[in-house]
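Keep the 3D view open as you read, and take the points in order.

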Amino acid sequence: MLHDPLHRTLGDFQLTVVTDRTYRLDGGAFFGVVPKTLWNRETPCDDRNLVTTSLNSLVVQTGEHTVLVETGCGDKLNDVQMHHFGLDPRRDYLERLATAGVAPDAVDVVINTHLHYDHCGWNTRRRADGVVVPSFPRARYYVQRTEWERAREQHERDRASYLSENYDPLVDAGRMTLLEGDRELLPGITVEVWPGHTRGMQAVLVHSKGETACYVSDLMPTHWHLKPTWVMGFDLYPLETIANKHRLLERAARENWLLVFTHDPEMAWARVELRGGKPALVAAG
């Protein structure tokens, strides 16, 4: 399991993966229409078909800025929600960041790929007096406007995944920028919209000295989802997920990207190549 921060260099940038905690998902939901006889060959589960997954965020230190991609599930879920989502009760993510050398007030930019509770939970925190405040007091937050609009719909299909306290206070205070498509946020830090999981989900590309890393988020949440047709049951637009996975994997193989996995409990990052047109993992070095 990914418990300790992982570090590596990308050009002139420093990358660190910090895990909030683990949680357990139903394997059928995690792999959609893929039969258990196939996914269980690669993915362990318990006797209730629950798969242990992880909540991995990425810290990018450019030398001028500290960027945080995703913020785990936070401290605002109640006991019923915690049980329903199979979450580890630990709530020490901010301390884990500090151990990795990242104090909350050192973060300049927070990027949410989308607004499901397990990707933006530590955007804010609840003080002892019950008031919700930004967890990263100096940071500018970014997400796609289409994602925020979907979250505000509170549609019966996915409203359980959206917790307004994670983002609305930031929007109301002018701290969260609602993006309108692909954009370079800082030199070397770009977001690109890759629909499938949600309409407004974005990936984060990090470029330095000819090297590229890509935080692919829930387009491909783990290395187990490398096969383009292994798509989560949570995806709102599964056919778009498949098409965009093909497109991303071809580009990642051609340009030798380092892929960073958001929910992988075993492998924080890896590179891929195409063998006979099929994606395959290669060493992440």
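1. Start with Asp129 and Arg127, whose side chains meet in a salt bridge, 2.8 Å from N to O. Asp129 is exposed, with a relative accessible area of 51%, and Arg127 is partly exposed at 36%. Please bear in mind throughout that this is a predicted model.

2. Next, look at Glu165 and Arg126, another salt bridge between side chains, at 3.0 Å from N to O. Glu165 sits in the loop between helix H6 (145-153) and helix H7 (168-172), while Arg126 belongs to strand E6 (residues 124-126), so this pair ties together parts that are 39 residues apart in sequence. Both partners are partly exposed: Glu165 has a relative accessible area of 25%, and Arg126 has 33%.

3. How many salt bridges does a search of the whole structure find? The search finds 18. Worth a look as well is a network of salt bridges that links Glu192, Arg251, Arg254 and Glu255.

4. Now turn to the open sheet of seven strands, which has mixed pairing and the order E10-E11-E12-E13-E14-E15-E16. Strands E10 (183-186) and E16 (278-282) stand at its edges; each has a single partner strand, so one side of each is left without a neighbour in the sheet. On average, neighbouring strands here are turned by 35 degrees against each other, direction ignored.

5. Within this sheet, strand E14 (residues 258-260) and strand E15 (residues 269-275) run antiparallel and are joined by two bridges. Val260 stands opposite Trp269 in E15. Helix H8 (residues 238-255) lies across E14 and E15, and also across E11 (189-193), E12 (202-208), E13 (211-215) and E16. The helix runs at about 95 degrees to E15.

6. Finally, find Val17 in strand E2 (residues 13-26). Val17 counts as buried, at 1% relative accessibility. Val17 and Leu97 are 80 residues apart in sequence, and their C-alpha atoms are 9.4 Å apart in space.

Notes:
Residues are numbered from 1 along each chain as its sequence is written. This is a predicted model: local features need pLDDT of at least 70, side-chain atom pairs count only at pLDDT 80 or more; totals for chains, interfaces and linings use all residues. Side-chain values use heavy atoms; hydrogens and water are left out. Two strands pair if DSSP finds at least two bridges between them. Helices (H or I, at least four residues) and strands (E, at least two) are DSSP runs, numbered from the N terminus. Axes are lines fitted to C-alpha atoms, for helices over the stretch in contact, and angles run from 0 to 180 degrees between N-to-C directions. Contact means heavy atoms within 4.5 Å. Buried means under 20% relative accessible area, exposed over 50%, partly exposed in between (1.4 Å probe, protein chains only). A salt bridge is a side-chain nitrogen of Lys or Arg within 4 Å of a carboxyl oxygen of Asp or Glu.
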